[in-house]
Amino acid sequence: MKKNYSLETDRLLSEKDMPTVLLHCCCAPCSSTVLERIADKAKVTVFFFNPNISPADEYEKRLTELKRLISEMKPEKPIELLEAEYDPQEFFNAVKGLENIPEGGERCKKCFELRLGQTAKEAGAHGFDLFATTLTISPLKNAEVLNEVGEEKAKEFGAKWLPSDFKKKDGYKRSVELSAKYGLYRQDYCGCVFSKKEAVERKKRTAAEKAKTGENK
């Protein structure tokens, strides 16, 4: 039977009055719903560690939008932001040999391990009650795999994982609504050069199919 990660999220956040949470954030749109849901239940520090994002100007754009979102949401409890050093080579080293694996496969898991591992390390080193990620809000991300990786890294670095599946309860739909509300930039690929390549190819196929359909009318 599948775990109810949403129930686990609520249970762990309620175990202590305003627990400290180190929240790995991938971008502003995905972060919007998660911050809305937990910022009144926990003292949140956003952790921006995403060496997978390419190119550098895309990285800066996503970071800038996240900073703007935090400043404009104005939650009751202030949200802090911790920015890690940006070193894309960390990502390329982690996924070496998996460059041609389709998105959603082993390469993505290695990416999760890299990013959640660093988040767990920071959480353990600085005494956060819990650590979590916004990645589970994406319909394209496997919440079960992400939670398994989170638990593994929690044990490795002496931290406590906050299970989640933030796409539940219309989480992704809400992120679209909040993106419109705050005028957020919504990227059309996960972040790495490989996902961008797949996104470009999908667009080409879609355009070709539309053109073909038009010809057949």
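Author: Happy to. A residue is called buried when its relative accessible area is under 20%, exposed when it is over 50%, and partly exposed in between, using a 1.4 Å probe and protein chains only. The model is predicted, and local features need pLDDT of at least 70, side-chain atom pairs count only at pLDDT 80 or more, while totals for chains, interfaces and linings use all residues. Residues are numbered from 1 along each chain as its sequence is written, and side-chain values use heavy atoms, with hydrogens and water left out.

Let us look at helix α7, which covers residues 171–182. The element names come from DSSP runs, numbered from the N terminus: helices are H or I with at least four residues, and strands are E with at least two.

K169 sits in the loop between α6 and α7. Its relative accessible area is 58%, so K169 is exposed. Its phi is positive, near 60°, although K169 is not a glycine. D170 belongs to the loop between α6 and α7 as well. With a relative accessible area of 52%, D170 is exposed too. D170 also has a positive phi, about 60°, and is not a glycine.

Now for the helix itself. The expected span of a helix is 1.5 Å times one less than its number of residues. For the 12 residues of α7 that gives 16 Å, and the end C-alpha atoms are 16 Å apart, which agrees. Which residues of α7 are buried? They are G171, S175, L178, S179 and Y182. Viewed down the axis of α7, these buried residues fall within an arc of 105°, so they line one face of the helix. The arc is taken from the directions that run from the helix axis to the C-beta atoms.

What lies over the buried side? The cover of the buried residues of α7 includes α2 (28–38) and α3 (56–73). In what follows, contact means heavy atoms within 4.5 Å. P29, S32, T33, E36 and R37 of α2 meet G171, R174, S175, L178 and S179 of α7. Two packed helices are described by the angle between their axes and the distance between the axes. Axes are lines fitted to C-alpha atoms, for helices over the stretch in contact, and angles run from 0 to 180 degrees between N-to-C directions. The axes of α2 and α7 come within 8 Å and cross at roughly 105°. That makes α2 roughly perpendicular to α7; angles of 65 to 115 degrees count as roughly perpendicular, under 35 as roughly parallel, over 145 as roughly antiparallel, and the rest as oblique.

While we are at α2, have a look at S31, which lies in that helix. S31 is buried, with a relative accessible area of 0%. Setting aside neighbours within four places in sequence, S31 is in contact with C25, C26, L66, L69 and T134. As for α3, the loop between β2 (43–48) and α3 holds P55. The peptide bond from S54 to P55 is cis, with omega near -5°.

The buried residues in α6 are A143, L146, N147, V149, G150, K153 and A154. Seen down the axis of α6, these fall within an arc of 160°, so they line one face of the helix. The face turned away from them carries the exposed residues K155 and E156. The buried residues of α6 pack against α1 (5–14), α5 and β4 (130–133). The axes of α5 (residues 106–125) and α6 (residues 143–157) come within 8 Å and cross at roughly 40°. The two helices are therefore oblique to each other.
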